[in-house]
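User: Hi, could you walk me through this model and show how each answer is reached?

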Amino acid sequence: MRAAALSAASPPEPDRDCPLCPRLHDFIASWREREPGWFNAPVPTFLPPEGEGSVKLLIVGLAPGLRGANRTGRPFTGDYAGDLLYGTLIAQGLARGEFKARPDDGLELVGTAITNAVRCVPPENKPVGAEIATCRSFLKPTIARFANLRAILTLGSIAHQSTVRALGGRVAALPFRHGGRQEAGGITLFSSYHCSRYNTNTGVLTEEMFVNVFKEIAAFLQG
Ligand code: URA
């Protein structure tokens with residue numbers, strides 16, 4: 001099912017000037033004028049130094065934050081969500097080094113890659129359905145490029161639903177829930193509430209809840 005559902009026909013990374021979503025393209029163009037020193041482009045998948053063959057876990061976020069990944073060019077780097085995510089990855093042995101919220105901080109992923117369901121920063125952090133569907137043409141080959149992939153962790157319901165669809169599954173049969181663990185397209189799919197500041201400030205997601213998801217994944221990968 002996995003091979004049939006996933007097409008490697010498209011490249012896994014969009015062009016720097018990807019025109020497929022006009023609203024996102026225009027939004028980035030406006031930020032290139034305002035902040036020419038920022039990355040301001042589709043944010044590429046963050047890979048471990050050992051290469052794609054070493055990746056057993058793929059983490060799928062929502063989309064780059066305006067002053068986070070859109071500014072720095074590395075997923076979850078430069079805004080609050082990354083502090084919790086990378087701190088947890090280091091604690092669970094899925095990253096090494098120190099996270100200093102800069103793409104040149106030397107932090108390295110271990111057996112893990114990080115991408116986003118939508119690669120371009122959306123206005124107000126909200127991609128629309130057509131953008132999520134269009135950008136799935138990059139998510140599918142991103143999943144397919146990891147020959148030894150065993151697990152995917154989705155952060156939030158939008159990333160979860162787009163990943164289920166990318167794997168050829170039905171969202172109604174594989175609904176999002178925090179702490180979920182389901183099989184889809186030959187992959188074990190874990191899901192968590194997104195580690196956004198909003199979710200942690202409102203108590204939707206506590207650090208303990210987030211860490212517990214990663215403990216389960218780390219145990220699964222070692223098993
Ligand atoms: N930064 C990202 O790269 N993705 C998110 O989902 C949030 C922040």
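Predicted model: local features only at pLDDT ≥ 70, side-chain atom pairs only at ≥ 80, totals over all residues.

User: Is N125 buried, partly exposed or exposed, and what is its relative accessible area?

Analyst: Residues are numbered from 1 along each chain as its sequence is written, and side-chain values use heavy atoms, with hydrogens and water left out. Buried means under 20% relative accessible area, exposed over 50%, and partly exposed in between (1.4 Å probe, protein chains only). N125 therefore counts as partly exposed, with a relative accessible area of 47%.

User: Where is N125 found, and what is its phi?

Analyst: Helices (H or I, at least four residues) and strands (E, at least two) are DSSP runs, numbered from the N terminus. N125 is found in the loop between β4 (112-116) and α5 (129-144). Most residues other than glycine have a negative phi. For N125, a residue other than glycine, phi is positive, near 65°.

User: Which loop holds A101, and what is its phi?

Analyst: A101 sits in the loop between β2 (95-96) and β3 (108-109). Its relative accessible area is 25%, so A101 is partly exposed. Although A101 is not a glycine, it has a positive phi of about 60°.

User: Which residues surround the ligand, and how do they divide by type?

Analyst: A residue is near a molecule if one of its heavy atoms lies within 4 Å of it. The ligand is surrounded by G61, L62, A63, P64, G65, A69, P75, F76, D79, N116 and H194. For the types, Ala, Val, Leu, Ile, Met, Phe, Trp, Tyr, Cys and Pro count as nonpolar, Asp, Glu, Lys and Arg as charged, and the others, Gly among them, as polar. The shell around the ligand divides into six nonpolar, four polar and one charged.

User: What are the distances from L62, A63 and H194 to the ligand, and what percentage of the ligand's accessible area does the protein cover?

Analyst: A polar contact is a pair of N or O atoms within 3.5 Å. A backbone N or O atom of L62 lies 2.9 Å from an oxygen atom of the ligand, and a backbone N or O atom of A63 lies 3.0 Å from a nitrogen atom of the ligand. From H194, a polar side-chain atom lies 2.8 Å from an oxygen atom of the ligand. Of the 240 Å² of accessible area that the ligand has on its own (Shrake-Rupley method, 1.4 Å probe), the protein covers 95%.

User: How far apart in space are P48 and L107?

Analyst: P48 has its place in the loop between α2 and β1 (57-61). With a relative accessible area of 4%, P48 is buried. P48 and L107 are 59 residues apart in sequence, and their C-alpha to C-alpha distance is 9.4 Å.

User: How far apart in space are A9 and K140?

Analyst: A9 lies in the loop between α1 (2-5) and α2 (22-34). Its relative accessible area is 72%, so A9 is exposed. A9 and K140 are 131 residues apart in sequence, and from C-alpha to C-alpha they are 9.4 Å apart.

Key: Polar contact = N/O pair within 3.5 Å; in protein donor to acceptor, adjacent residues only side chain to side chain.
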